[in-house]
Amino acid sequence: MENLIIIANQKTNYHIVHSKYSGECIRYACEELQKYLYKSLNYPIPIFSDKCAKRGPEIIVGHAREYSAFNELNDKSNEAFMIKVINEDIVITGNSDRAVIYGVYKFLEEFINFRCFSYDCETYTKLSSLSIPGDYALVQDFTFEYREVYFKDAFDASFASKNMLNSNLAKLGPVHGGKVKWYNFHHSFSDLINPNEYFDTHPEYFSYIDGKRIKEHTELCLSNEDVFNLCLKKVRTWIKENPECKIFSVAQDEWMGHFIKMACECDSCKKIDEDNGSQSGSIITFVNKIANAIKKDYPDILIHTFAYQYSRKTPTNVVPLENVIVRLCNIECSWSRSIEESALMDDQSESAKFYNDLVNWSKITNRLYIWDYSVNFRNYLLPFPNLRVLEKNINLYKKHGVKGVLMQGNFSHGGGGYLDELKSYVTARLLRDDSPTLDALVKEFVCAYYGKYSAKYVLDYIYLWEDQVKGHDLWLYDDADHLMFTESAINKSFDLLNQALKYANNDTYIKRINKLLLGIEYLYLVRLDMDTPNRNLLIDNFKQKLLDHNIT
């Protein structure tokens with residue numbers, strides 16, 4: 001079949017058309033399509049609504065003309081979209097406004113090689129003509145219904161939308177088709193019943209540990225009927241006051257529960273947990289009770305809870321209801337090897353235990369989500385080489401039917417952690433179902449973000465550390481004395497990044513490479529002997545560099 005000629009020699013017969021009933025998201029999608037095609041081809045395609053008569057071939061965005069429903073999308077999610085040539089027209093449509101704008105960005109990715117690598121780095125190919133195969137058809141959906149890249153760099157609305165993230169924390173609004181909006185997505189027992197407010201008059205609401213009720217580092221007594229009634233009332237209030245939110249958290253608090261006892265051990269709670277072989281038993285029983293109580297009035301609302309630290313093991317006698325999200329957290333694992341590789345190496349390792357939990361939760365849970373990590377919380381600037389692990393673990397989650405992933409990185413206001421921009425982009429792309437290989441993602445990012453002449457040296461720097469961590473463990477709280485931080489690797493890193501600076505051919509690339517150097521400078525400085533000459537001056541200079549890059 002012949003190609004459709006969209007633009008050639010700065011001429012077009014096409015119009016971009018939306019429904020006369022379209023809202024701001026679809027109109028914005030049309031404007032984005034027009035804008036980037038103009039940037040690529042230096043010619044604007046006119047936009048109008050279908051209240052106007054058809055004047056020639058059209059690019060239909062959303063539901064306009066007679067193109068209102070397609071069987072190809074019937075069994076797909078509300079984010080599924082389709083790009084399809086029908087006779088002389090090209091239809092970009094989807095099961096929601098957000099799906100349609102995703103379809104527009106996918107069209108741009110396919111035909112002008114559009115990429116949004118970060119909020120301040122986009123690329124596209126300059127073309128003299130644009131043609132589409134006359135039989136082109138694409139339907140795309142998502143394995144993960146919730147995709148959160150919990151990095152400061154990924155909170156930018158434009159970046160998130162263009163990379164098909166529906167992140168709760170991203171600044172996505174109606175113009176982007178909205179997002180998966182949580183009321184609270186964290187630890188919430190003390191939000192539901194605060195011990196500072198209730199403990200003195202009702203200590204029975206809180207954890208019974210070693211023969212007494214505790215106020216500090218406490219959880220809720222989940223077998224107490226008054227606790228249930230108070231929590232249900234609070235959840236109903238949250239739902240009523242936050243109609244834009246679809247997920248509400250009823251989840252254990254975080255007091256580093258793998259070091260101290262937290263969960264209630266009163267006779268009633270203890271019996272539920274013993275019957276289930278896990279302290280998740282009382283949590284899932286309680287959360288199910290809340291979820292069941294609201295289901296009739298709020299059939300679209302989901303209740304979220306954690307499988308985290310002491311509650312990570314799957315219960316044996318209770319199954320989460322369909323409107324319950326269980327989010328499994330892997331904070332105890334090592335990030336130098338994938339979860340599956342670590343489990344095979346040592347079946348008693350924390351990664352092996354997590355792998356078993358993942359498999360077991362996936363068997364009983366309708367909506368299993370993952371809270372994963374991609375950062376050194378103690379030292380944001382230190383190299384944290386987990387890109388290869390990131391890809392393998394996300395593929396593992398897909399394999400076991402996980403429905404949502406949050407990848408936590410440096411979300412601090414100052415940002416600027418190790419490879420934050422790269423990790424934000426790579427994670428966003430890996431959470432989609434159309435992702436190329438990790439190496440391809442990293443290469444295209446590095447060439448665009450640091451410059452094609454510097455790319456070789458930056459890539460060598462990145463993979464130096466990916467190789468350097470082999471044979472070691474990698475934790476979320478490592479320091480600069482980690483065994484992978486050898487003097488030869490540090491010196492090699494300086495050499496590579498200084499070579500990258502040498503070949504950088506504009507100020508933007510130079511600034512970005514200098515920012516990348518901060519991690520190695522930090523590593524060098526914190527390892528200096530206290531009596532090193534000019535040590536204080538070096539530290540002062542380093543501080544100024546941080547300020548220059550707005551890193552707080």
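Biologist: Where is the place of serine 40 in this structure?

Modeller: In this predicted model, serine 40 sits in helix 1, which covers residues 24-41.

Biologist: Why does serine 40 count as buried?

Modeller: The label buried needs a relative accessible area under 20%. Serine 40 has a relative accessibility of 1%, so it counts as buried.

Biologist: And what is serine 40 in contact with, leaving aside its neighbours within four places in sequence?

Modeller: Its partners are Ile112, Tyr124, Thr125, Lys126 and Leu127. Each of these has heavy atoms within 4.5 Å of serine 40.

Biologist: Let's turn to the aromatics. How many aromatic pairs does a search of the whole structure find?

Modeller: The search gives 36.

Biologist: What makes the pair of tyrosine 146 and tyrosine 369 stacked?

Modeller: Two rings pair if their centres lie within 6.5 Å, and they count as stacked when their planes are under 30 degrees apart. For tyrosine 146 and tyrosine 369 the centres are 5.4 Å apart and the planes stand at 15°, so this pair is stacked.

Biologist: Which parts does that pair tie together?

Modeller: Tyrosine 146 belongs to strand 11 (residues 146-150) and tyrosine 369 to strand 17 (residues 367-373), so the pair ties together parts 223 residues apart in sequence. Both tyrosine 146 and tyrosine 369 are buried.

Biologist: How do you know that tyrosine 150 and phenylalanine 185 are edge-to-face?

Modeller: That name is for planes over 60 degrees apart. The planes of tyrosine 150 and phenylalanine 185 are 80° apart, with 5.6 Å centre to centre, and the pair is edge-to-face. Tyrosine 150 is in strand 11, while phenylalanine 185 is in the loop between helix 3 and helix 4, 35 residues apart. These two residues are buried.

Biologist: Which residues form one aromatic cluster?

Modeller: The cluster is made of Tyr146, Tyr150, Phe155, Trp182, Phe185, Phe306, Tyr308, Tyr369, Trp371 and Phe411.

How values were computed
Residues are numbered from 1 along each chain as its sequence is written. This is a predicted model: local features need pLDDT of at least 70, side-chain atom pairs count only at pLDDT 80 or more; totals for chains, interfaces and linings use all residues. Side-chain values use heavy atoms; hydrogens and water are left out. Rings of Phe, Tyr and Trp (its six-membered ring) pair if their centres lie within 6.5 Å; planes under 30 degrees apart count as stacked, over 60 as edge-to-face and the rest as tilted. Helices (H or I, at least four residues) and strands (E, at least two) are DSSP runs, numbered from the N terminus. Buried means under 20% relative accessible area, exposed over 50%, partly exposed in between (1.4 Å probe, protein chains only).
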